[in-house]
Amino acid sequence: MARFLLALILILFGTLSAAQESETPTPERPTEPPMTLERLASIILVIDEEAQLRGATIQFTVQDIPVMVVADPRADRMRAMVPIRSADSLDAGELMRLMQANFDSALDARYAVAQGRLWGVFIHPLSPLEQDQFLSGIAQTVNVARTYGQTYSGGAQVFGGGDSNGIYQDLLDELRKGQAL
């Protein structure tokens with residue numbers, strides 16, 4: 001029993017050390033400054049130079065899909081949202097499917113209902129949000145809107161040999177274009 005506990009402690013210590021090392025800035029992965037509304041706006045303007053900033057809200061378009069980002073620096077939160085459809089006629093079976101997707105295939109994006117609409121959303125603390133996390137979250141949110149009624153997928157880390165990973169990767173690569181990562 002003592003050997004088992006010692007082995008478990010060594011494994012946990014090694015895992016924690018590896019996790020801490022992976023978070024350590026390196027020349028290949030420098031530390032990013034904290035995310036702010038201004039930094040979000042500059043990232044979004046590379047994606048869509050016609051993006052509109054109104055207070056703490058930024059509206060823009062990704063491949064003909066409207067996206068709205070709302071930031072609350074005081075609460076240190078941000079939310080990216082894509083409208084999908086009216087929520088008025090969602091039945092119990094559809095709501096069950098949305099909850100299943102939130103568990104296994106929507107990934108960092110989620111389906112949500114607010115103000116009588118079904119939305120695709122990505123919610124994250126603002127200041128620790130890294131540029132690549134934000135871009136991935138936008139890509140996943142656009143994908144849950146696109147795949148609504150079909151695969152209900154955020155697009156990343158899909159198991160199997162289907163086309164979803166390629167579609168997600170193409171969108172993520174497009175969003176990254178022009179970004180200094």
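Me: Buried means under 20% relative accessible area, exposed means over 50%, and partly exposed is what falls in between (1.4 Å probe, protein chains only). So which class does D132 count in?
Reply: This is a predicted model, where local features need pLDDT of at least 70, side-chain atom pairs count only at pLDDT 80 or more, and totals for chains, interfaces and linings use all residues. Residues are numbered from 1 along each chain as its sequence is written, and side-chain values use heavy atoms, with hydrogens and water left out. D132 has a relative accessibility of 29%, so the class for D132 is partly exposed.

Me: Which residue meets D132 in a salt bridge?
Reply: A salt bridge here is a side-chain nitrogen of Lys or Arg within 4 Å of a carboxyl oxygen of Asp or Glu. D132 has a partner at 2.8 Å, N to O. That partner is R176.

Me: How many residues apart are R176 and D132 in the chain?
Reply: Helices (H or I, at least four residues) and strands (E, at least two) are DSSP runs, numbered from the N terminus. The side chains of R176 and D132 meet in a salt bridge. R176 is in helix α5 (residues 164-176) and D132 is in helix α4 (residues 131-146), so this pair links distant parts of the chain. Their separation is 44 residues.

Me: R176 also has a salt bridge with D173, so how are these two placed along helix α5?
Reply: In the D173 and R176 salt bridge, the closest N and O atoms are 4.0 Å apart. D173 counts as partly exposed at 39%, and R176 is partly exposed too, at 23%. Because D173 and R176 are three residues apart in helix α5, their separation is about one helical turn.

Me: How many salt bridges does a search of the whole structure find?
Reply: Besides the pairs above, the side chains of R39 and E32 meet at 2.8 Å, N to O. R39 is buried at 15%, while E32 is partly exposed at 28%. The count for the whole structure is three.

Me: How far apart are the C-alpha atoms of R39 and Q131?
Reply: R39 sits in helix α2. Contact means heavy atoms within 4.5 Å, and leaving out neighbours within four places in sequence, R39 is in contact with E32, P33, P34, L129 and Q131. R39 and Q131 are 92 residues apart along the chain, yet their C-alpha atoms are separated by 9.0 Å.

Me: What is the bridge partner of V70 in β4?
Reply: Strand β3 (residues 65-72) and strand β4 (residues 77-86) pair in the antiparallel sense over five bridges. For V70, the bridge partner in β4 is R79.

Me: Which residues is F60 in contact with, leaving aside its neighbours within four places in sequence?
Reply: F60 is among the core residues that touch the most other members. Its contacts are I44, I47, D48, A51, I65, P66, V67, V69 and I138.

Me: Is T147 buried or exposed?
Reply: T147 is found in the loop between α4 and α5. Not counting residues up to four places away in sequence, T147 touches Y111, Y152 and S153. Because its relative accessibility is 15%, T147 counts as buried.

Note on methods
Two strands pair if DSSP finds at least two bridges between them. A nonpolar core is a set of buried Ala, Val, Leu, Ile, Met, Phe, Trp, Tyr and Cys residues joined through side-chain atoms within 4.5 Å.
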